[in-house]
Amino acid sequence: MRRRKRSNINQRVMTGVIAMALVVLTIAFLFLSMVSCSDNQQTFHVEGAITGAADSTLTLEAMALDSIHTLQSTKLDAEGHFAFDVATDTASNPEFYRLSIGQHRINFAVDSTETITVQADMQQMSSNYDIDGNTDSRKMKTIAQLAIQLQMQITAIGRDASLTDYQRYQRADALVEQYKQTLKTDYILADPSSAAAYYALFQTISGQMLFDPVNNRDDVRYFSAVATQWNELYPGTPRTTNLVNIALRGHQNTRQPRPLEIQLDSTKVRQTGIIDFGFPDLRGRERRLSDYPDNVVLLDFTAYSLRGSQERNLELRELYNRYHARGLEIYQVSLDANEHYWRTVSESLPWVCVYCAEGVANDMVQLYQVQQLPSYFIIGRGSELKLRGEQVTNLKQAIEAEL
């Protein structure tokens, strides 16, 4: 009898020990899982001071592929001190961020859990600032400063009345090529795996991408160099996949270049009034063509990847600067296949830029009988369709006639 009781006691003790061991193992497993997950989810720190910005709101934004995301913001005190802590996936590729106060911006990159320190004065925030934390962010600063300097030189050339239009174009083109060559040698080829090399590829001047990875065979080479390195270091990440796709498309286009032509049924076209539609802008907000009844609207169907797009947008910028105050609005519909390409270019353009994801297959494109890209229309006040581009011999005169 005593042996049976003692045996039952031993069994209960053993059962308790096993249960306790299972609890300990479960806790240990959960702890290890949390540690494992936190290996990839770390935080980086951004701190510093923006002087001359008391009571201004400083915003930290993520420059994602799909859009610009606001992460955090803070109201600056008299000394302009700020500090942000942001979660990041250290197993991914380097990511890009910016600090913004209105139109004043500082771009930087993060590839680990580093601390980024920024010192600047708000009036010169975009061009003259100190940044510490990683080499790529300092290189991005130099790239941005060179771009601002180039833009100032181009503006000065445009205002020089002693030059002919051809001389202005020649001088501006030479400066742009010089800047482009600097990016190629000092930032892209020097280290194609770096965040600075990626950043250099997507630089814009006067609202246009410096590199044309779709139609320019030489530019495709530099996109391919960075895409190859990123694919080795960060395979499968969204930025790498997008970069590889751009390079592949560029190789295909430069091997077999061909103009974009669209054949449409003319019976689908309405001859009077406007056909209203809406597409999302850079912030994802729907912008409708009918939103501007009090303006003369230049409706422009285009693709930024087309050859000559940069030069054409410079001409549109001149028109916009001259006539916008008098009531001109440009509503530009991008039919680019690559949305990131559109976002990069359109961010610097002052007019209404929207994106049509369906491209040339969209019903609205067909209803407007777009036969080729670019194609444009002049819409008078009161939203009345006036002229197609084919009917216009002098665009400035046609716009002035409606204003």
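Helices here are DSSP runs of H or I with at least four residues, numbered from the N terminus. The model is predicted.

**View 1. Glu311 and the negative surface patch.** Glu311 is found in helix α7. Its relative accessible area is 38%, so Glu311 is partly exposed. Asp173, Glu177, Glu311 and Glu315 form a negative surface patch. Two elements, α3 and α7, each give two or more residues to this patch.

View 2. The side chains of Asp218 and Lys184 form a salt bridge, with N to O at 2.8 Å. Asp218 sits in helix α5, residues 217-233, and Lys184 sits in helix α3, residues 165-188. The pair therefore ties together parts that lie 34 residues apart in sequence. How accessible is Lys184, buried or exposed? Lys184 counts as buried, at 6% relative accessibility. Asp218 is partly exposed, with a relative accessible area of 30%. The cut-off for buried is under 20% relative accessible area.

**View 3. The salt bridge of Arg287 and Asp281.** Here the side chains of Arg287 and Asp281 meet, N to O, at 3.0 Å. Arg287 has a relative accessible area of 17% and is buried. Asp281 is buried too. For Asp281 the relative accessibility is 9%.

View 4. Lys396 and Glu318 pair through their side chains in a salt bridge of 3.5 Å, N to O. Lys396 belongs to helix α10, residues 395-402. Glu318 belongs to helix α7, residues 309-323. Lys396 counts as partly exposed, at 32% relative accessibility. Glu318 also counts as partly exposed, at 41%.

**View 5. A network of salt bridges.** Which residues do salt bridges with shared partners join into one network? They are Glu61, Arg98, Arg105 and Glu347. Side chains of opposite charge can pair when their charged atoms come close. The structure holds 18 salt bridges. Among them are the pairs Asp218 with Lys184, Arg287 with Asp281, and Lys396 with Glu318.

Methods:
Residues numbered from 1 in each chain as written. Predicted model: local features only at pLDDT ≥ 70, side-chain atom pairs only at ≥ 80, totals over all residues. Heavy atoms only, no water. Salt bridge = Lys/Arg side-chain N within 4 Å of Asp/Glu carboxyl O. Buried < 20%, exposed > 50% of the residue type's maximum accessible area, 1.4 Å probe, protein only. Patch = residues over 30% accessible without salt bridge, like charges linked within 9 Å, V, L, I, M, F, W, Y side chains within 5 Å. Areas by Shrake-Rupley, 256 points an atom, 1.4 Å probe, with all protein chains shown as cover. Lys, Arg positive; Asp, Glu negative; His and termini not counted. Charge placed at Lys NZ, Arg CZ, Asp CG, Glu CD.
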